[in-house]
Amino acid sequence: MPKVYNWHIGREMEYPYEESRPEKQVAWVFDINKCIECQTCTVACKTTWTSGKGQESMFWNNVETKPYGGYPIGWDLSILPKLGEQVWNENNVYEGKTVFESAPQGEKVNGYLPSDEDYAHFNLGEDECTEIIEKGAFFQGIHKAWMFYLARICNHCTYPACLAACPRKAIYKRKEDGIVLVDQTRCRGYRECVKACPYKKVFFNMVTRTSEKCIACFPLIERGEQPRCVQTCIGKIRLMGFLSPPEKIRRDNPLDFLVYYKKVALPLYPQFGLEPNVYYIPPVHVPREFLYQMFGPMVDEAIETYRSASEDKELLGALLLFTSTQKIIHSFRVKGDYVYGYDDKGNEVVKVPFTEPLYIRPYFDGKRNVYRHTVT
Amino acid sequence: MSKGFVLPFIGTLLGMLVSCGKAEEKPIEGFSQEIIAIRVSDTIPLTNPDAKVWQEAPAVLIELKPQNMIPPIIQDAVIKQLTVRAIYNDDYFGMLLEWEDPTKDDIINVDKFTDQVAIQFPITPENPGSFMMGNKGAPVHIIHWKAIWQRDIEQGYLDIQDLYPNMWVDLYYFKKQPIYSEFTEEGVKMPRVEEFSPEQNDYNPAIKMRNPVSLIERQIPVEEAFAEGFGTFTTQLHQDAFAWGKYEDGRWRVIFVRPMVSPDSRDAPLPAETMVAFAVWDGSANQVGGRKQYTPWIPLKLQ
Ligand code: SF4
Ligand code: SF4
């Protein structure tokens, strides 16, 4: 099996195909700390792409409550034990096995096929926190228990397990932007991809009898716009853009900046070995052991960097770009008290102030002879 | 003659028909290494495995092996043998395949797979190539039957409400007009996918693009394909073959019929001596694609 380099795990690994990075890689940063689980993203995606037959319980975008929630049920709890011991050495190199390396004989990927019931409860465990909160308890500065919201889409992985497992080569990764797609004319519904994707982000449509997955809203991306889940995010937790190939990293590319320079956003379960391209800013109040398991060994540094954003104008500027415009931001610059975002031609597409201007109006509107309910 | 008399009489007659018509296992020593097709003067039955004409051909027992060479694999064969009869006349060639399978799997769902069987002929019999779906320069002709396809034809295209009879969806949302579910006197009426216009299948690109596995208006439960190696299975433009299965007493009996001479260059010729190979899938063992029981090439002689 060919060897490819996976920078998330700091080493080469086995993958059924040779390394072939796209010209640029579609990528997202999600700031978990800001998600309010309003599910606006989920509904935006659902009405856009999965309102048809056989898609009734299919959510390309879902938001689940961790630690107990998961869609399909127990997806991560089911795959994690299959990998065996997951150890990182002191140089942040993963010493355990990926889903490719731990595949049983005769399989390309170590996976499992969920049952139909696993998809039947889209938000099981919603808002459940780790402990029972006593009656009368109130917030005293430290949370007594924890939970957080994990928004999930397909990671358009650099080393997709779905693609690796498809015996028909019906799944492909676009050279121009790294989007991973299932060819709906070639797929024959074997479900090898559904079984293989450890994130369970390829779905089987029992009416078309083919597998379907997130298409990264490529019709929007092709006209320079961010996907629907990003555009509609109420908590402004999302930023979509392109990661540059390793040799062409640019500091003024907000995705490169957050992921490669600041390392404030981390891949979900890097130990799976897929080099997933949705990067998460870890939730700051969650016990570190849980976060190490979920986001790898760089969690402490990421949280420290995130906490220092108020003193780092460039970082704060980049974070202010989240869900600030429909357009894809290819580069950004902080000037004075504003951060500017530019498209691929260098045209300004957004200007965000560091401090929202505050206007206070008099309580009484003399012209209309009424009292105002809101004065700011 | 009273009715009471007629019924047992018909019953006995039916019993006789069934018992003499059923393909009886002739005692066979082990597995056969070749298949002899017998020339018959009758027509080849399309759907009736109990037709007498099948008795004219010897039943040969073929060993099935687990596909454990090319991932994804199965470790062990759950279906271990196949009984084959072959007949032909001037126009058509027919095969009756039988195997034991305790469960009839004729639906597909996220975690449910269908029973299937396929036969394969070399397009160049003098150089048959790999029995695993041929190879470059040695293509193969595959005729593939699936239980789900036959169910689609017999009972209508399997839809979500067939899998979940108590389900409810308010509406399927479309650009021009949403399609609503209704409460009627007979109960809940959910729209069926057959009623959707092509535009309303925007959400189902596989149906809209006429993917051969997503055909809602399927007419025959079989698909003819061309292949030149693993992963190259391609549906043929011309569908000239037919197949029909019958499940009874824990046993599938599937008839395949194809023309002796086909104008389609992607259909294999049928000279006096050629090869044939088989593949069988058990749905309840989650078998699909390469996860199957197979046979290598077996000589096929038309007598
Ligand atoms: S729209 Fe944004 S804030 Fe709301 S659930 Fe989705 S990711 Fe979270
Ligand atoms: S997240 Fe899953 S479906 Fe998406 S590219 Fe990666 S392996 Fe494929």
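Me: Is Asp111(B) buried or exposed?

Reply: Buried: the relative accessible area of Asp111(B) is 17%, and the cut-off for buried is under 20%. Keep in mind that this is a predicted model.

Me: Which residue of chain B meets Arg209(A) in a salt bridge?

Reply: Asp152(B), with N to O at 2.7 Å. Arg209(A) sits in the loop between strand 8 and strand 9 of chain A, while Asp152(B) is in helix 2 (residues 147-155) of chain B, so this pair joins two chains.

Me: Are those two buried or exposed?

Reply: Both Arg209(A) and Asp152(B) are buried. For Arg209(A) the relative accessible area is 3%, so it falls under the 20% cut-off.

Me: What about the backbone there, what is phi of Arg209(A)?

Reply: Phi of Arg209(A) is near 65°, which is a positive value in a residue other than glycine. Asp127(A) also has phi near 65° and is not glycine either.

Me: Where is Asp127(A)?

Reply: Asp127(A) is in the loop between helix 2 and strand 5 (148-152) of chain A. At 41% relative accessibility, Asp127(A) is partly exposed.

Me: Back to the two chains. What area is buried between chain A and chain B?

Reply: About 3,500 Å², with carbon and sulfur atoms giving 55% of it. On the side of chain A, Lys53(A), Arg188(A) and Arg209(A) lose the most area to chain B, together 24% of what that side buries.

Me: Why quote an area for that?

Reply: The size of an interface is often given as the accessible area lost when the parts come together.

Me: How many residues does each chain put into the contact?

Reply: Chain A gives 38 residues and chain B gives 47 residues.

Me: And how many residue pairs are in polar contact between the chains?

Reply: The count is 22 residue pairs, with both residues at pLDDT 80 or more. On the side of chain A that touches chain B, the elements giving two or more residues are helix 1 (40-49), helix 4 (192-196), strand 8 (202-205) and strand 9 (210-213). Helix 1 of chain A has the largest share, three residues.

Me: What classes of residue are on that side of chain A?

Reply: The side of chain A that touches chain B has 10 nonpolar, 15 polar and 13 charged residues.

Me: New topic, the ligands. What surrounds ligand 1?

Reply: 13 residues do, and the closest are Cys35(A), Cys38(A), Gln39(A), Cys41(A) and Cys233(A). The shell around ligand 1 divides into eight nonpolar, three polar and two charged residues.

Me: And ligand 2, which residues are closest?

Reply: Cys154(A), Asn155(A), Cys157(A), Cys162(A) and Cys197(A), out of 14 residues around ligand 2. In that shell, 10 residues are nonpolar, two polar and two charged.

Me: Where are the prolines with a cis peptide bond?

Reply: One such bond runs from Tyr71(A) to Pro72(A), with omega near -5°. Pro72(A) is in the loop between strand 4 (62-66) and helix 2 (75-79) of chain A. Another runs from Pro71(B) to Pro72(B), also with omega near -5°. Pro72(B) is in the loop between strand 3 (65-66) and strand 4 (81-88) of chain B.

Me: Last one. Where is Arg253(B), and what does its side chain touch?

Reply: Arg253(B) is in strand 15 (residues 251-259) of chain B. A polar contact of 2.7 Å joins its side chain to that of Asp50(B). Arg253(B) is buried, at a relative accessible area of 4%.

Conventions
Residues are numbered from 1 along each chain as its sequence is written. Chains are lettered from A and ligands numbered from 1 in the order in which they are written. This is a predicted model: local features need pLDDT of at least 70, side-chain atom pairs count only at pLDDT 80 or more; totals for chains, interfaces and linings use all residues. Side-chain values use heavy atoms; hydrogens and water are left out. A residue is near a molecule or strand if one of its heavy atoms lies within 4 Å of it. Ala, Val, Leu, Ile, Met, Phe, Trp, Tyr, Cys and Pro count as nonpolar, Asp, Glu, Lys and Arg as charged, and the others, Gly among them, as polar. Contact means heavy atoms within 4.5 Å. Buried area is the accessible area (1.4 Å probe) that two parts lose on being put together, summed over both. A polar contact is a pair of N or O atoms within 3.5 Å; within protein, one must be able to donate a hydrogen and the other to accept it, and residues adjacent in sequence count only if both atoms are side-chain atoms. Helices (H or I, at least four residues) and strands (E, at least two) are DSSP runs, numbered from the N terminus. Buried means under 20% relative accessible area, exposed over 50%, partly exposed in between (1.4 Å probe, protein chains only). A salt bridge is a side-chain nitrogen of Lys or Arg within 4 Å of a carboxyl oxygen of Asp or Glu.
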